[in-house]
Amino acid sequence: MSNSYHSHRRRRKSAAGRLGLAGAVTGVVGIAAVAAGIVYFRPDGDAGGGRPSLASQGETGVQSTAPLPKTGPPVNFTTPEGYGYGLAAVKAGTDRQPLGATEAPPSGTTYAYADYVLTNSQRRPVLLDFPADLFMPKSQVPADAQDRCMPQPGIPDDLCTLPNHSKITARLGGSKAPVDDDGDQMMPAGATYLVRIATDLPVKDGLPAGDLKMYVWNARYTSDRKGVEIAFP
């Protein structure tokens, strides 16, 4: 079964009254690959931190099992609507096809990606959201793409974020897939997913994994306009 899901960057409807359809869904223990991918796209934005936009649909995956990944320290966030999320970084790196079949990058370049665990930290469904952004040194971005690698509020000045998209690659802890509630995708209570964020534009082939950083900077999560790093193990 294939489902397509929408990004947290979209405008949300009122939270009231949307939780009934998903309220009984809970997570268990184990790990299985996602039955449906979830993708959102981040456009250029402006240097002042223009907000990314609507998601596109993802690809249906093949179910399999895998061990629970080792993570860095989890960080919890709460939105103004009261949705709670936990994020924990798994790993970062580069790959010419970080999300499967994609257009091959030019010679001497590759794509950057990071994996993290996303958890609904509440005992009720919450809106499916992808709070994290992937950052790299601007010096590691090819010259023809540097004007699209944007700084963001509260992030070190030498780092920027390229247009990117995120996809759920596995359901962890026996978690159920997101459910549709009147056009919104909701994470069941306690659900935990493995998410991969990958750049849409290439980076230099020699970019070290250690130079890649993951931050949550959007004002929905960090009201003091201070970026919060999600540290890798």
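Two aromatic rings, from Phe, Tyr or Trp, count as a pair if their centres lie within 6.5 Å. With that in mind, welcome to this predicted model, which holds 3 aromatic pairs.

**Aromatic rings**

- F77 and Y221 make an edge-to-face pair, with 6.2 Å from centre to centre and 85° between the planes.
- This pair joins distant parts of the chain: F77 belongs to strand 4 (residues 75-78), while Y221 sits in the loop between strand 15 and strand 16 (228-229), 144 residues apart.
- F77 has a relative accessible area of 5%, and buried means under 20%, so F77 counts as buried.
- Y221 has a relative accessibility of 8%, so this residue is buried too.
- Y221 also pairs with Y85: the ring centres are 6.2 Å apart and the planes meet at 75°, which means that this pair is edge-to-face.
- Here again distant parts of the chain are linked, since Y85 lies in strand 5 and Y221 in the loop between strand 15 and strand 16, 136 residues apart.
- Both Y85 and Y221 are buried.
- Put together, F77, Y85 and Y221 form one aromatic cluster.

**Charges over rings**

- Which residue lies over the face of Y221? R220 does, at 5.6 Å from the ring centre.
- The face of Y113 has R196 over it, at 3.9 Å from the ring centre.

**Nonpolar cores**

- The largest nonpolar core has 37 residues, and those touching the most other members are Y85, L87, Y116, L118, M136, M187 and M214.
- Among the elements that give two or more residues to this core are strand 5 (84-95), strand 6 (109-120) and strand 13 (192-199).
- Another core, of 6 residues, lies apart from it; A88, V117, A170 and L172 are among its members.
- Leaving aside neighbours within four places in sequence, the contacts of Y116 include L87, F130, Y193, I197 and M214.

- Strands of a sheet pair through backbone hydrogen bonds, either parallel or antiparallel.
- In this model, 3 strands form an open sheet in the order 7-12-11, with antiparallel pairing.
- Strand 7 (126-127) and strand 11 (179-181) are the edge strands, and each pairs on one side only.
- How many bridges join strand 11 and strand 12 (residues 184-187)? The two strands pair over 3 bridges, in the antiparallel sense.
- D181 stands opposite D184, a residue of strand 12.

Technical notes:
Residues are numbered from 1 along each chain as its sequence is written. This is a predicted model: local features need pLDDT of at least 70, side-chain atom pairs count only at pLDDT 80 or more; totals for chains, interfaces and linings use all residues. Side-chain values use heavy atoms; hydrogens and water are left out. Two strands pair if DSSP finds at least two bridges between them. Helices (H or I, at least four residues) and strands (E, at least two) are DSSP runs, numbered from the N terminus. A nonpolar core is a set of buried Ala, Val, Leu, Ile, Met, Phe, Trp, Tyr and Cys residues joined through side-chain atoms within 4.5 Å. Buried means under 20% relative accessible area, exposed over 50%, partly exposed in between (1.4 Å probe, protein chains only). Contact means heavy atoms within 4.5 Å. Rings of Phe, Tyr and Trp (its six-membered ring) pair if their centres lie within 6.5 Å; planes under 30 degrees apart count as stacked, over 60 as edge-to-face and the rest as tilted. A charge sits over a ring if NZ of Lys or CZ of Arg is within 6 Å of the ring centre and within 35 degrees of the ring normal.
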